[in-house]
Amino acid sequence: MKVAMVAHHYPHTAHRAEFIARIHQVAEVFRGTPGCLSADCWVSADAVVSMVQWESEEASATSFAAVMSAGLDLAFDERESRPREIVRLAAC
């Protein structure tokens with residue numbers, strides 16, 4: 001069963017470009033893992049939105065393990081103005 005994640009991030013204006021670059025790095029690693037169907041970065045007036053789709057929950061877990069192994073910066077900290085909103089989805 002396909003699964004997905006949509007995450008809204010709210011970086012402060014001064015960190016927006018840096019944050020988008022971080023999302024692109026993570027998306028590149030996700031896309032390089034088996035079973036990742038897509039990984040993209042979108043922007044709105046107030047948010048940077050990451051969207052990832054996998055062919056299964058197992059593929060999702062593999063992708064996250066790869067990102068963690070790559071040592072990428074996933075930290076939530078003072079560069080963001082408010083907590084992230086993350087929604088996990090499953091195809092029906």
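**Helix packing, sheet and salt bridges in a predicted model**

Helix H1 (residues 16-31) packs against helix H2 (residues 57-69) at an angle of about 130 degrees, and their axes lie 9 Å apart. Axes are lines fitted to C-alpha atoms, for helices over the stretch in contact, and angles run from 0 to 180 degrees between N-to-C directions. Helices (H or I, at least four residues) and strands (E, at least two) are DSSP runs, numbered from the N terminus. This is a predicted model, in which local features need pLDDT of at least 70 and side-chain atom pairs count only at pLDDT 80 or more, while totals for chains, interfaces and linings use all residues. Residues are numbered from 1 along each chain as its sequence is written, and side-chain values use heavy atoms, with hydrogens and water left out.

**The helix pair**

- H1 and H2 are therefore oblique to each other; angles under 35 degrees count as roughly parallel, over 145 as roughly antiparallel, 65 to 115 as roughly perpendicular and the rest as oblique.
- Val-26, Val-29 and Phe-30 of H1 make the contact with Ser-63, Phe-64, Ala-66 and Val-67 of H2, where contact means heavy atoms within 4.5 Å.
- By class, the contact of H1 with H2 has 6 nonpolar residues, 1 polar and no charged ones (Ala, Val, Leu, Ile, Met, Phe, Trp, Tyr, Cys and Pro count as nonpolar, Asp, Glu, Lys and Arg as charged, and the others, Gly among them, as polar).

**The sheet**

- An open sheet is formed by 4 strands in the order S2-S3-S1-S4, with antiparallel pairing; two strands pair if DSSP finds at least two bridges between them.
- Strand S2 (36-43) and strand S4 (85-90) are at the edges with a single partner strand each, so one side of each has no neighbour in the sheet.
- Neighbouring strands of this sheet are turned by 10 degrees against each other on average, direction ignored.
- S2 and strand S3 (residues 48-54) pair in the antiparallel sense over 7 bridges, and the two form a hairpin with 4 residues between them.
- Val-48 in S3 is the bridge partner of Val-43, and Ser-50 in S3 is that of Cys-41.

**Helices on the sheet**

- H1 packs on the sheet and touches strand S1 (3-9), S2 and S3; its direction makes about 170 degrees with that of S2.
- H2 also packs on the sheet, touching S1, S2, S3 and S4, and its direction makes about 125 degrees with that of S3.

**Salt bridges**

- The structure holds 7 salt bridges, each a side-chain nitrogen of Lys or Arg within 4 Å of a carboxyl oxygen of Asp or Glu.
- One of them joins the side chains of Arg-79 and Glu-18 (2.8 Å, N to O).
- That pair links distant parts of the chain, with Arg-79 in the loop between H2 and S4 and Glu-18 in helix H1, 61 residues apart.
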